Amino acid sequence: MQRHNFSAGPCVLPQEVLQKASQALLDFDNGLSLIEISHRSKAFVDVMEQARALALELLGLEGKGYKALFLQGGASTQFLMVAQNLLEKKAAYLNTGTWSDKAIKEARIFDDITEVASSKSANFNYIPKGFDIPEDHDYFHLTSNNTIFGTQIKNFPKSPIPLVCDMSSDIFSRTLDFSQFDLIYAGAQKNMGPAGTTLVVVKEDILGKVSRKIPSMLDYKVHIDKSSMFNTPPVFAVYTSMLTLQWLKDLGGIAAIEKENEKKSRLMYSEIDLNPLFKGFAAKEDRSDMNATFTLTNDDLKDTFDTMWKEAGINGLNGHRSVGGYRASMYNALSLDSVKVLVEVMSELESKA
Ligand code: PMP
């Protein structure tokens, strides 16, 4: 049965990437597996360099003072690394969901945090707007896409201080002026590859300004100096991410995938809005193109709907426990056809009810 993978992460990856990655496990370099050769071998060093270069190229940040790193510890480690490397006195955060909340909690270990605005009291169903960014703070931190609640920042505020963004769940999905950000981080396991590596893109000139001592593994400068090879990198995750970035480049880059992502989300949200059996969770203007969150208007239909989508080969549609209902995650590698299958199941439910 053909599967349609709407999982929130880890999630769908391009079939051709999975095939190439599988092949490399068996034979990557003259009969040796990718995961049994030295990470210092030319074959792997080339992979790392290509992955770093592709990331900057796709984001349009080549030659603009940025470095790309493939680190470990997930985006969750970036919650603390950002603060440890950049927070001298005070930092400002926008609280738009569970992941921002966790980033704030980690940063509080280091120093004072100003939450400029929060949508927590509305269970994070919208993106706060119209707040001031304090000029005397060290940086301003945002989460571009809130994976759990299905909201996404559409217009980024102009920041008088360095702008740091957690793009774990929408990186490489839409065109943006990425040079407005001074530091971007993203766990690989949505639009890039398997869990196990985290992309960090950092403008070098924001580093080296804090007085505290930073342990080597948590110091961006150390990783930059060692070309993202300070210690053994997660070779399989980096290789697979490189393949996905190459796949994206061959498709025409972010501008090309953005068009596909818009088609998918338009179809998904029009069904949610037109079908009386469903209700969207997020405020319309802030709806995420990556994660559509919705509930049934009549809970009695839950068992029928759940059986129907599972029978259609759909995977990963259950919502996160803090929202309930359903979440259709439509990352780059999910096809428009998969969204059509889901929308057909939703309209079939309407005709049955
Ligand atoms: N930020 C966002 C927006 C996320 O969606 C996630 C994970 N789903 C994280 C951070 C945490 O990432 P990790 O599990 O890689 O630490």
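# Briefing: ligand shell, strand pairing and an annotated arginine

Arg40 sits in the loop between helix H1 (15-26) and helix H2 (42-59). Helices here are DSSP runs of H or I with at least four residues, strands are DSSP runs of E with at least two, and both are numbered from the N terminus. This is a predicted model: local features need pLDDT of at least 70, side-chain atom pairs count only at pLDDT 80 or more, and totals for chains, interfaces and linings use all residues. Residue numbers start from 1 along each chain as its sequence is written.

**Arg40**
- The UniProt record, an unreviewed entry, places the feature "binding site" at Arg40. Such annotations may be inferred rather than shown by experiment.
- Why does Arg40 count as exposed? Because it has 9 C-beta neighbours inside 10 Å. The cut-offs: buried means 20 or more other C-beta atoms within 10 Å of the residue's own, exposed means 12 or fewer, and partly exposed lies in between, with C-beta atoms placed from the backbone.

**Ligand shell**
- Around the ligand stand Gly9, Gly74, Ala75, Ser76, Trp99, Thr143, Thr147, Asp166, Ser168, Ser169 and Gly187. Near means that the C-beta atom, placed from the backbone, lies within 6 Å.
- Helix H3 (residues 74-86) gives the largest share of this shell, 3 residues.
- By class, the shell holds 2 nonpolar, 8 polar and 1 charged. Nonpolar covers Ala, Val, Leu, Ile, Met, Phe, Trp, Tyr, Cys and Pro; charged covers Asp, Glu, Lys and Arg; the others, Gly among them, are polar.

**Strand E3 and its partners**
- Strand E3 (residues 90-95) is mostly covered, with 5 of its 6 residues buried.
- E3 pairs with strand E4 (residues 112-118) in the parallel sense, over 6 bridges. Pairing requires at least two DSSP bridges between the strands.
- From E3 the chain passes through helix H4 (residues 98-107) to E4, a right-handed β-α-β crossover. Right-handed means that, with the strands pointing away from the viewer, the path from the first strand over the helix to the second runs clockwise.
- E3 also runs parallel to strand E5 (residues 140-143), joined by 2 bridges.
- Tyr93 has Glu115 as its bridge partner in E4, and Tyr93 stands opposite His141 in E5.

**Open antiparallel sheet**
- An open sheet of 3 strands runs in the order E11-E12-E14, with antiparallel pairing.
- Its edge strands, E11 (278-280) and E14 (326-329), each pair on one side only.
- Strand E12 (residues 291-296) and E14 share 4 bridges in the antiparallel sense. Phe294 has Tyr326 as its bridge partner in E14.
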